[in-house]
Amino acid sequence: MTSPLSKTALAALILILLGCTLLSSWRITLTAKYKHVSWIQVFIYCGQHFGPLLGQLLFNIVVCLALFLFGQGFALLAGISTIIGLNIGFTHYFININ
């Protein structure tokens, strides 16, 4: 895991994980509010509200970096549940005020 290619792959996988977590949290919250929401509707809704989505992504990156300061094991164990909880809380708040 010391080559530049492996570090790039790790960063890409982390960004993909964050993206999937973001879209899933938006879909969970939209489904709770509107009963049934397809993935296409989630993409459209996220495109209409790109500012909060981008802010949420940047916030997730900062949280990931902060968790990695405590060690990779801590980031793995506590980070996943923390990020999922923060994302669902943020999207629930944002969607309910709009």
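Helix α1 (residues 4-34) comprises 31 residues and reaches 44 Å from its first C-alpha to its last, close to the 45 Å expected at 1.5 Å a residue; the expected span is 1.5 Å times one less than the number of residues. Helices are DSSP runs of H or I with at least four residues, numbered from the N terminus. The structure is a predicted model, in which local features need pLDDT of at least 70 and side-chain atom pairs count only at pLDDT 80 or more, while totals for chains, interfaces and linings use all residues. Residues are numbered from 1 along each chain as its sequence is written, and side-chain values use heavy atoms, with hydrogens and water left out.

The buried residues of α1 are S6, L18, T21, L22, S25, W26, T29 and L30 (buried, under 20% relative accessible area; exposed, over 50%; partly exposed, in between; 1.4 Å probe, protein chains only). After α1 comes K35, in the loop between α1 and α2. K35 is exposed, with a relative accessible area of 68%, and its phi is near 70°, a positive value in a residue other than glycine. Most residues other than glycine have a negative phi.

The axes of α1 and helix α2 (residues 39-48) come within 10 Å and cross at roughly 105°, where axes are lines fitted to C-alpha atoms, for helices over the stretch in contact, and angles run from 0 to 180 degrees between N-to-C directions. This angle makes α1 roughly perpendicular to α2 (65 to 115 degrees; under 35 is roughly parallel, over 145 roughly antiparallel and the rest oblique). L23, S24, W26, R27 and L30 of α1 form the contact with W39, V42, F43, Y45 and C46 of α2, contact meaning heavy atoms within 4.5 Å. The contact residues divide into eight nonpolar, one polar and one charged (nonpolar: Ala, Val, Leu, Ile, Met, Phe, Trp, Tyr, Cys and Pro; charged: Asp, Glu, Lys and Arg; polar: the others, Gly among them).

For helix α3 (residues 50-69), the end C-alpha atoms are 29 Å apart, in agreement with the 28 Å that its 20 residues should span. Its buried residues are L53, Q56, N60, V63, C64 and L67. Viewed down the axis of α3, these fall within an arc of 100° and so line one face of the helix, the arc being that of the directions from the helix axis to the C-beta atoms. On the other side of α3, F50, G51, V62, L65 and L69 are exposed. N60 has 0% relative accessibility and, leaving aside neighbours within four places in sequence, is in contact with L18, L22, I83 and N87. Just after α3, G71 takes a positive phi of about 120°.

Definitions and conventions
Helix = DSSP H or I, 4+ residues; strand = E, 2+ residues; numbered from the N terminus.
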